[in-house]
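Here are my notes on the model, in numbered points.

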Amino acid sequence: MIYTVTFNPSLDYSIQVDQFQTGQLNRTTAESIQVGGKGINVSVVLTRMGVPNIALGFIAGFTGEYIQNGMNELGCNTDFIHLPSGFSRINVKMTSGIETEINGKGPIIQEEEFKQLMIRIAKLKAGDTLVLAGSIPTSLPQDIYEQILEKVDTTKIRVVVDATSFLLRRTLAYRPYLIKPNLQELSELFARPLCEFDDIVCCARHLQEEGARNVLVSMGAQGALLVTEEDHVLAAPAPAGDVVDTIGAGDSMVAGFIAGYMERNSYVDAFRKGIAAGSATAFTSGLATAAQINDVGRRV
């Protein structure tokens, strides 16, 4: 079974505002609300591809109920921990010539509630996959990923980490099965801009030396590359298509990679499906469907 962990799920309120002006009354010309959070996105895309999974995380208040209902409507299996106070965050994503994001803080997670999550994770069995994705709420210590990995046998359970540079690097000593930095995050890890292909591969291999087994680097319009634990380097340009919205594209790539590997135990197939899923989401509003992913996959 595949388990995704999202510490801070959200409702993503996306709006279009023509010629936004600060200090003035502005009216939306388009708007939508959808469940969000990196692990949540991975679960949704996996479900759309017909891959069974369970979404773990914390929800609270009326927004938490909306997230739970939204996941149910999408057909996703969940085992959320319901917090007694506060409410799940609302993230505002506004497009007005450029994209602007305002992310909510989210509810406070107490130690006892975190223990409930650890009880769920302790039930994972050999062959399961655990996806740790996204940021850590301020109410939890920043070494939470490490606390989780200390309790997980990464030689038997595939651990996938998709987090910002600081959180990501601290997990490498536990030998995660896959990490997925984007090009900007990889540049931040090595404190320099990365433009040349060989330099990007060199940095990915350095992360392998620190403990990562497979390193998948998403590079936007430049495509993606994968350095496998077998020391193979796979690379592909982004398939042709009109980019509509890149939100969730990286999460979709993670979901596609997992689904592709499970189908044939092949890193080539995993890489191809990862690119297809990430690109398909970028080419549409919201997360891609299985049909859209398959359509783009034929062009990878």
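1. Start with the convention for angles. Axes are lines fitted to C-alpha atoms, for helices over the stretch in contact, and angles run from 0 to 180 degrees between N-to-C directions. Keep in mind that this is a predicted model.

2. Take H8 and H9 together. H8 covers residues 249-264, and H9 covers 267-282. Their axes are 6 Å apart, and the packing angle is about 150 degrees. Angles over 145 degrees count as roughly antiparallel, so H8 is roughly antiparallel to H9. The crossing of H8 past H9 is right-handed. On the H8 side, the contact includes Ala 249, Ser 252, Met 253, Gly 256, Phe 257, Gly 260 and Tyr 261, with Glu 263 and Arg 264 as well. From H9 come, among others, Tyr 267, Asp 269, Ala 270, Phe 271, Lys 273, Gly 274 and Ile 275. By class, the contact of H8 with H9 has 10 nonpolar, 6 polar and 4 charged residues.

3. What sits in the loop between H8 and H9? Asn 265 does. Its phi is near 50 degrees, a positive value in a residue other than glycine. Is Asn 265 buried or exposed? Asn 265 counts as exposed, at 56% relative accessibility.

4. H8 also packs on H1, which spans residues 38-48. The angle here is about 45 degrees, and the axes are 8 Å apart. That angle makes H1 oblique to H8. The crossing of H1 and H8 is right-handed. H1 contributes Lys 38, Asn 41, Val 42, Val 45 and Leu 46. H8 answers with Asp 251, Ser 252, Val 254, Ala 255, Ile 258 and Ala 259. The residues of this H1 and H8 contact divide into 7 nonpolar, 2 polar and 2 charged. Note Ser 252: it belongs to the H8 contact with H1 and to the H8 contact with H9.

5. H9 has a further partner in H10, residues 290-297. Their angle is about 120 degrees, with 8 Å between the axes. H9 is therefore oblique to H10. H9 passes H10 in a right-handed crossing. Arg 272, Lys 273, Ala 276, Ala 277, Ser 279 and Ala 280 supply the H9 side. Gln 292, Ile 293, Asn 294, Val 296 and Gly 297 supply the H10 side. The count for H9 with H10 is 5 nonpolar, 4 polar and 2 charged residues.

6. Now Pro 9. It lies in the loop between strand S1 (2-6) and strand S2 (10-17). Pro 9 is buried, with a relative accessible area of 1%. Leaving out residues up to four places away in sequence, Pro 9 touches Gly 36, Ile 40, Phe 58, Ile 59, Ile 67, Ser 88 and Arg 89. Ile 40 falls within the residue range 38-48 of H1. Leu 216 is 207 residues from Pro 9 along the chain, and the two C-alpha atoms are separated by 24 Å.

7. Look next at Ser 96 in strand S7, residues 89-96. At 18% relative accessibility, Ser 96 counts as buried. Which backbone nitrogen does the side chain of Ser 96 reach at 2.9 Å? That of Phe 20. A polar atom of the Ser 96 side chain also lies 3.4 Å from the backbone nitrogen of Gln 19. Beyond four places in sequence, Ser 96 touches Gln 16, Val 17, Asp 18, Gln 19 and Phe 20.

8. Asp 231 deserves a check of its backbone. Its phi is near 65 degrees, a positive value in a residue other than glycine. Asp 231 is in the loop between strand S13 (224-227) and strand S14 (233-236). The residue is partly exposed, with a relative accessible area of 45%.

9. Last, Ala 240, in the loop between S14 and H8. Ala 240 counts as exposed, at 61% relative accessibility. Setting aside neighbours within four places in sequence, Ala 240 is in contact with Phe 283 and Arg 299. Ala 240 and Phe 283 are 43 residues apart in sequence, and their C-alpha atoms are 9.5 Å apart.

Methods
Residues numbered from 1 in each chain as written. Predicted model: local features only at pLDDT ≥ 70, side-chain atom pairs only at ≥ 80, totals over all residues. Heavy atoms only, no water. Helix = DSSP H or I, 4+ residues; strand = E, 2+ residues; numbered from the N terminus. Parallel < 35°, antiparallel > 145°, perpendicular 65-115°, else oblique. Left-handed = near helix turned anticlockwise from the far one by under 90°. Contact = heavy atoms within 4.5 Å. Nonpolar A, V, L, I, M, F, W, Y, C, P; charged D, E, K, R; others polar. Buried < 20%, exposed > 50% of the residue type's maximum accessible area, 1.4 Å probe, protein only. Polar contact = N/O pair within 3.5 Å; in protein donor to acceptor, adjacent residues only side chain to side chain.
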